[in-house]
Amino acid sequence: MKEKKLFGEYFKASRIAIKKTLRQFCIGNGLDPGNISKLERSLLPPPQSREKLEEYAGYLKIKKGSDGWYTFFDLAAAETGKIPDDIMAKEKIEDKLPILFRTLRGQKVSDENLEKLIKILRNA
Amino acid sequence: MSNENNIKAPVFSYDEICNHADHFLKQYHPCREIPIPIEEIAEFQIGLNIVPIPGLLRAFDVDGFTSSDLSNIYVDEFIYSDRPGRYRFTLAHEVGHIFLHKEIYSKANFRNIKEWKDFINSISEKDHGWLEYQAYSFGGLVLVPREHLIRLTKFYVNRVQEEDISLRENWDFAWDLIAARLAKDFEVSSDVIEKRLNKDKVMETYR
C-alpha cells in the first residue's frame, strides 16, 4: 500500500521542485527558516488559515486550480491543525542527538549543557 | 550500553581523504564548477534537512552537528544567516562526517539519554581529534578542488606580480592578498584557503 504523504513532505518536495534551498526560499519570501523547517518535517501542523496556505502555495509556485494546488490544500485539511500521530510516535529524541559533539576547541561538553541541548532539540 | 563501545576513528591519510573528496565531487557535482553548491548537494541530492538553531555557537561553542540518524544537519542560526562562508564550510565538514564516519554513526543505537551520554563520552579525545581532522580536511578538499586552487593561485600570483609587488620581498603580504581573493572565488574563509595552500604545498612552488 502506498504510504500517505504528509503536508510537510509535500511542502518540501514542492520547494525542491522549484530548486530553492530552505535558506534561499526563506530569504526570498521573508519567512523564518526554523519554522518552515519544522513545518517540512511535520513537527508543526499546517496553518489553518486559507489565506496563509494560499500565500505559501504562491511562494512554492503551485498554480491555482492545478492538481498540485488541490493536493496542497487537501493534505493541509487532512491534518486539521494537528501533528500527525505517526510522526509523534516515530519522533525519537535519541535519533536527533549528535554523536560527535565537542566544543570548537575539542573539549567535552558538560552534563548540564548536554541536558540543555536535549531541551533545545526537542523544540527544534 | 557502557563506555566500552570500542569506537575507534578510522585512519585515513591526507591522500585517502583527497580520494574520498574527489569521489564525492564525481558523484554529486561532476562538472566541478566553483563555488561548489554544497547546500544544494546536501539538501537536493543527499536529502538532508538543514535545521538552524538559535544560540548554538554561543551556548555550546559549536558551529553545527549531524543527528545520529543522519537525517539532519543542525547549524547555528547566526552562522546560517549571516556567515555564508563559514556556513558552507560547516555543511561540507558535516557531510565529511557522514561520508567518512558512517560506520561510527551506525553503532549509535542508544535507547535512552543515558546510553547516548555514555556513547559520546566513550569517544576518546584522540579519536575525536582524528575524526574532526578528517572531516575538516574533507570539507576543505570538497569546497576547494585542487585543480582550481592551482589554476587560480597561478592567476593571482601573476596579478600580484603585474602590480609590481615582489612575491619574495613581500611574501606574507602577497599571500594574504592572494588568499583573500581565492577565498572570494571559492566562497570560503581565508583560513580554509591558507590551510590548503600550505597542506597541498602550493605556496612552496613559488619560493
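Arg196(B) and Asp200(B) are both buried. In this predicted model, the two residues form a salt bridge in which the closest N and O atoms are 2.8 Å apart. Elsewhere in chain B, salt bridges with shared partners link Asp22(B), Lys26(B), Arg32(B) and Glu147(B) into one network. Over all chains, the structure holds 20 salt bridges.

Chain A supplies two further examples. Glu55(A) and Lys52(A) are bridged, and they lie about one helical turn from each other because they are three residues apart in helix H4 (residues 50-59) of chain A. Asp95(A) is bridged to Lys92(A). Buried means under 20% relative accessible area and exposed means over 50%. Glu55(A) has 30% relative accessibility, so it counts as partly exposed. Lys52(A), at 31%, is also partly exposed. The values for the other pair are 25% for Asp95(A) and 36% for Lys92(A), and these residues count as partly exposed too.

| Salt bridge | Closest N and O atoms |
|---|---|
| Arg196(B) and Asp200(B) | 2.8 Å |
| Glu55(A) and Lys52(A) | 3.5 Å |
| Asp95(A) and Lys92(A) | 3.8 Å |

Next come the chains. Chain A contains eight helices and zero strands. Of its 124 residues, 44% are buried. Chain B has 11 helices and three strands, and from the N terminus its elements follow the order α-α-β-α-β-β-α-α-α-α-α-α-α-α. Buried residues account for 53% of the 207 residues in chain B. The C-alpha trace of chain B spans about 65 × 35 × 35 Å along its principal axes.

Trp130(B) belongs to helix H8 (residues 125-143) of chain B. Its relative accessible area is 31%, so Trp130(B) is partly exposed.

Inside the model, there is one cavity of 30 Å³ or more. Which residues line the largest cavity? From chain A they are Lys12(A), Arg15(A), Leu22(A), Ser37(A), Glu40(A) and Arg41(A), and from chain B they are Glu43(B), Leu48(B), Asn49(B) and Ile50(B). By type, the lining consists of three nonpolar, two polar and five charged residues. Helix H1 (7-17) and helix H3 (33-40) of chain A, and strand S1 (49-53) of chain B, each contribute at least two residues to this lining.

Methods: Residues are numbered from 1 along each chain as its sequence is written. Chains are lettered from A and ligands numbered from 1 in the order in which they are written. This is a predicted model: local features need pLDDT of at least 70, side-chain atom pairs count only at pLDDT 80 or more; totals for chains, interfaces and linings use all residues. Side-chain values use heavy atoms; hydrogens and water are left out. On a 1 Å grid over the protein atoms alone, a cavity is a set of points where a 1.4 Å probe fits but cannot get out, and a pocket is an open set with protein on both sides within 12 Å along at least five of seven lines; lining residues have an atom within 4 Å of a point. Grid points are joined across faces, edges and corners, and a volume is the space filled by probe spheres set on the points. Helices (H or I, at least four residues) and strands (E, at least two) are DSSP runs, numbered from the N terminus. Ala, Val, Leu, Ile, Met, Phe, Trp, Tyr, Cys and Pro count as nonpolar, Asp, Glu, Lys and Arg as charged, and the others, Gly among them, as polar. Buried means under 20% relative accessible area, exposed over 50%, partly exposed in between (1.4 Å probe, protein chains only). A salt bridge is a side-chain nitrogen of Lys or Arg within 4 Å of a carboxyl oxygen of Asp or Glu.
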